[in-house]
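Look over the model first, then read on.

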Amino acid sequence: MFANIAARLTMAEGNQTVVYLSEQVVVLCSCALSFVGSSLIILTYIMWADLRTTPRRLLVYLSVSDWLSAVSYAFGVWRVFHTDSVDCVAQGAISTFANTSSFFWTVAIAVYLYVVIVRASQRVADSLVWFFHIVSWGVPLAITVAAVCLNKIGYDASEVSVGWCWVSIHAPDRVLWMLLTGKIWEFLAYLTLPVLYILIKRHIYIAHAALSEYRPILANRPASHSFSSMADVKLTLIPIIFIVLRIWSTVRFVLLLAGSQARLNPALVTLHGIGNTSQGAANCIMFVLLTRPIRTRLCAALCCCSSKCRAGEQPSHGAPHRLLPGQDTSTQREEDSASRVGIDR
């Protein structure tokens, strides 16, 4: 079996995927959105101390990985490497580490939520955080260092990438290293995430059903129902979005193993580029823009900045008035107070 795969890969080495300018622009835009989204998640965590829960802290670690992925992929797409240059290897190493780490942190968040919600053990869940650090940073780092030291990272002719470097096309055992540096963890995430989130949703559904038998008054509380509905939607979307974004990369990998030229299809290449670089943007939409407390505070902060800018453009409104002839100081103080009340409103 592996002999047949190796033969197909050898025949495929002569085929280089052409990355068109339009594809570069689209993928670079996707990288930019992911960069902004990951940065926003990190900044909101730093800005508001009362929102620093453990799940959100885990999300920040995931966002750091997605931030690194977005930056390294953007550099690779911008350069579109053609040789095993030093910057190609560096970019491939960073993106390999960040991408693999992102898989681990995504699963870690699901495991944490499962232990807290289904197993109802906050203490055990919190004790797992150090284990998550060791696995989610340590395993990708060890794999990446080994791959670089063994000269496995380099130019891959965009066979399963979109301009960036990954496993070298000249590595005789590159299928094995493609699995180790990403694909096997991607496949495990495909299996693990849906199972964990289905179990979490099932537990919540059973708990709500049992609670509704004793508290029929809940039917008259639309706000609570709205919050639970949004949480239910997020629990459904998390694994679906992950699979939808990552599946295009998996499809191209399978087509490569099959020796199919369909992996060179421009539409598939573009979807692959968007999917691999959009995780940070997707997380920002779900956990910042669709999370009411974060969204409310963010909007308030933006409005405050906007108000300060407008106030800066009109300094005369905040400056003390000059006394007019016949006007005493008490009259001026009354006018200044009325002006301040008007601005606050």
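## The second largest cavity

The second largest cavity is lined by Ser-34, Asp-66, Ser-69, Ala-70, Tyr-73, Arg-246, Asn-276, Thr-277, Gln-279 and Gly-280. The model is predicted. This second largest cavity holds about 30 Å³ of space.

Which elements supply at least two residues of this lining? They are α3 (54-79), α8 and α9 (279-289). Helix α3 gives the most, with 4 residues. By class, the lining of the second largest cavity has 6 polar, 2 nonpolar and 2 charged residues.

## The largest cavity

How many cavities of 30 Å³ or more are there? The count is 2. The largest cavity contains about 140 Å³ of space. Its lining is made up of 17 residues. Closest to its centre are Tyr-73, Asn-99, Trp-164, Trp-166 and Asn-276.

Four helices are named as giving two or more residues to the lining of the largest cavity: α4 (86-117), α6 (174-214), α7 (222-258) and α8 (266-277). The lining residues of the largest cavity divide into 8 polar, 6 nonpolar and 3 charged. Tyr-73 and Asn-276 belong to the lining of the largest cavity, and Tyr-73 and Asn-276 also line the second largest cavity.

## The disulfide

The structure has 1 disulfide. It joins Cys-88 to Cys-165, with 1.9 Å from S to S. The angle about the S-S bond is -115°, and the link of Cys-88 and Cys-165 is left-handed.

Where do the two partners sit in the chain? Cys-88 lies in helix α4. Cys-165 lies in the loop between β1 (153-154) and β2 (166-167). The pair is 77 residues apart, and the link connects distant parts of the chain. Are these two cysteines buried or exposed? Both Cys-88 and Cys-165 are buried.

A disulfide needs the sulfur atoms within 2.5 Å. Cys-29 has a relative accessible area of 45%, so Cys-29 counts as partly exposed.

Cys-299 is also in no disulfide. Its nearest cysteine sulfur belongs to Cys-303, 6.4 Å away. Cys-299 is partly exposed, with a relative accessible area of 41%.

Notes. Residues numbered from 1 in each chain as written. Predicted model: local features only at pLDDT ≥ 70, side-chain atom pairs only at ≥ 80, totals over all residues. Heavy atoms only, no water. 1 Å grid on protein atoms, 1.4 Å probe; cavity = no way out; pocket = protein on both sides within 12 Å on 5 of 7 lines; lining within 4 Å. Points joined across faces, edges and corners; volume = space filled by probe spheres on them. Nonpolar A, V, L, I, M, F, W, Y, C, P; charged D, E, K, R; others polar. Buried < 20%, exposed > 50% of the residue type's maximum accessible area, 1.4 Å probe, protein only.
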